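Hi,

Here is the structure I said I would pass on.

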Amino acid sequence: MADTKAMQDMNEIQRIRIEKLKKLEEMGVKPFCVQRYDRTHYSKTIKENFEELEGKTVSIAGRIMSRRGHGKVSFCDVADREGKIQIYIRVNEIGEQSYEEFKLYDIGDIIGVTGEVFRTKKGEISVKAQKMTLLSKALLPLPEKWHGLKDVDIRYRQRYLDLIVNPDVKETFIIRSKFIKAMREFLDERGYLEVETPVLHNIAGGAAARPFITHHNTLDMDMYLRIATELHLKRLIVGGLEKVYELGRVFRNEGMSVKHNPEFTSIEIYEAYTDYNDMMDLTEELISTSVERVLGTTKIEYQGQEIDLTPPWTRMTMVEAVKKYADIDFNQIESDEQARDVAKKLNVDVDKKATKGQVLNEIFEEYVEDHLIQPTFIMDYPIEVSPLAKKREDNPMMTYRFELFITGREIANAFSELNDPMDQKERFLEQVEQRKAGDEEAHMMDEDYINALEYGMPPTGGLGIGIDRLIMLITDSPSIRDVILFPTMKPKGTS
C-alpha cells in the first residue's frame, strides 16, 4: 500500500514538472535542445581563488541542489564536479523574463550561470547571476529532497542518484580512479609493459574458481569469461616480454558478500628472472607508494582502526602463523591422518581424504586470517592449494607462494611461478581428477599452456592484487559494493 502511494506521489510530481517544462517551452526555453555550454570555472576553483576572481565574470554549470528566497531576490546552490557554490539571483540583474523562467526551475535541474564573483554580507562566496540558462530539466525529484540517499538498495541500483546526493560517494570513486592511475604510473616508471589479454577463454584457468559460461555462435562452442589473466600473461613471459601487467575485470561465478562481487578488478604483474621475495618487495612498494601519492600518507583508518602501510611489512610462513594463532606446530605432524585428527579437535571441517597440506590451509583460514589486521605476508603454502607455484627445494610439500592480508582479508596472491612443464602437467592432471570428483573450482587442463612452458619460461615472479578490496581499505568502505560503480544486483522485485 505504501509503495502504491509513493508511486502515485511520484507520478504527480513528474506531471507537475512536465507542466513546468511545457510552460518554459511556451516562453521560448527549450533545455533539451541546448547543444553545449561554455563553462569557465568550477565551484572549488572560484572559492580557492576568490581574491583573484572577486568582481570578475565567470560561467559555471551544474545541478540545482537547493533553492530559497521570495519576491525579487532568490538563492540557489549549484553542484558541479568539484563541490557546490551559491548563486544570487536578483530580478534587477537578470530581468523580469529570466526571473519568471527561474521560478519554473526545480531542484535537480541542470543550469548554466554567468555572473560576477562576490561575497555576501554573511561572508559566503557566491556568484551574482547576470544570465541563467536551463540546460536540462529534471522530470523526477532527487531522493529525500537534498538531504542524502540512505537506502543502500537504491544507492547501488541507481548509482547516478547516489553520486548526485552523496558527495562522499563521489569522492570514493575519484580516489579509486586516482589510485589506479598511480599504480599504472608506478609500474610504467619501472619499465613494466601494460598489455591486454582475452576476456573470452576456451579454458578457464589461472585460479581456483567457478567460471561464467557463454556461447560463441559463429564457432558454435561454449567459452568462459576469464577467471584470471595469469596463464596468458605467462605466455607473454615465454615470448620475451619480460615485465608485463594487466589491469582489468575478471569474472567468478561464486557467492556474493561484502568482500566479493562476481565481476571484480584485479591487476596481475609478471617479471622474468625474479622470485616471490622480489614480488613481496614490489607489493610493499607499489601499494604504499600509490597510497601516499593519492592520500598523502601511508597511515590510514579502516572501520575505526589505524592501519600502517609503511614498509617493511610482517612476513611469516603459514606454518609459523598456525603455530602462533592456533598453537599447532605442523612441523611435528607426520601424516595426513594425524592432521585430520588435529582438525577434528579444533572443530575445523575437512574432507575425510584431506591431506596434511589441505588441513593446514583450512586451519589457517579458520584460526589465523582474522588476526592479520596490519599488513602481513603469509608465505609458503601447501602444494595442494598452489598448483601454479614452484615447489620449495627444501620441502617439496610446500611452495614459494605468499598472500598479503590486511584487516583480515586477502589483498594479494603471488608465486615463484612454476616453469617446469612436466611438473605443471602432473599438477593439472591432479586438478582434472579433482574436477571429476566434483570440485567445480579445480583447474582445467590447458595443453597450450604446457606447450608454451615446453619452449622454456625463465624463472619468474608473479603477483595478483584485488583492486576492489584495496580501494575498500583506503576509502574506509565496509562493503565491496561501495567501491564498484555498478555492483551485481538481483533484478528489482525478485526474491
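Before the findings, a word on how to read this: it is a predicted model, so local features need pLDDT of at least 70 and side-chain atom pairs count only at pLDDT 80 or more, while totals for chains, interfaces and linings use all residues. Residues are numbered from 1 along each chain as its sequence is written, and side-chain values use heavy atoms, with hydrogens and water left out.

**The barrel**

Five strands make a closed barrel in the order E1-E2-E3-E5-E4, with mixed pairing. The twist averages 55° from one strand to the next (axes are lines fitted to C-alpha atoms, and angles run from 0 to 180 degrees between N-to-C directions). Strands (E, at least two residues) and helices (H or I, at least four) are DSSP runs, numbered from the N terminus, and two strands pair if DSSP finds at least two bridges between them.

Strand E1 (residues 57-70) runs antiparallel to E4, joined by seven bridges, and Thr57 sits opposite Glu116 there.

How many of the 10 residues of E4 are buried? Seven are, so this strand (residues 110-119) is largely enclosed by the rest of the structure. Buried here means under 20% relative accessible area, exposed over 50% and partly exposed in between, with a 1.4 Å probe and protein chains only.

**Lys137**

Lys137 lies in the loop between E5 and helix H6 (152-157), and is buried, at 4% relative accessible area. Its side chain makes a polar contact of 2.7 Å with that of Asp106 (a pair of N or O atoms within 3.5 Å; within protein, one must be able to donate a hydrogen and the other to accept it, and residues adjacent in sequence count only if both atoms are side-chain atoms). Leaving out residues up to four places away in sequence, Lys137 also touches others, including Arg17, Phe32, Tyr105 and Asp109 (contact means heavy atoms within 4.5 Å).

**Helix H8**

The buried residues of H8 include Val169, Phe173, Arg176 and Phe186. Just after H8, Gly191 has a positive phi of about 85°.

Cheers
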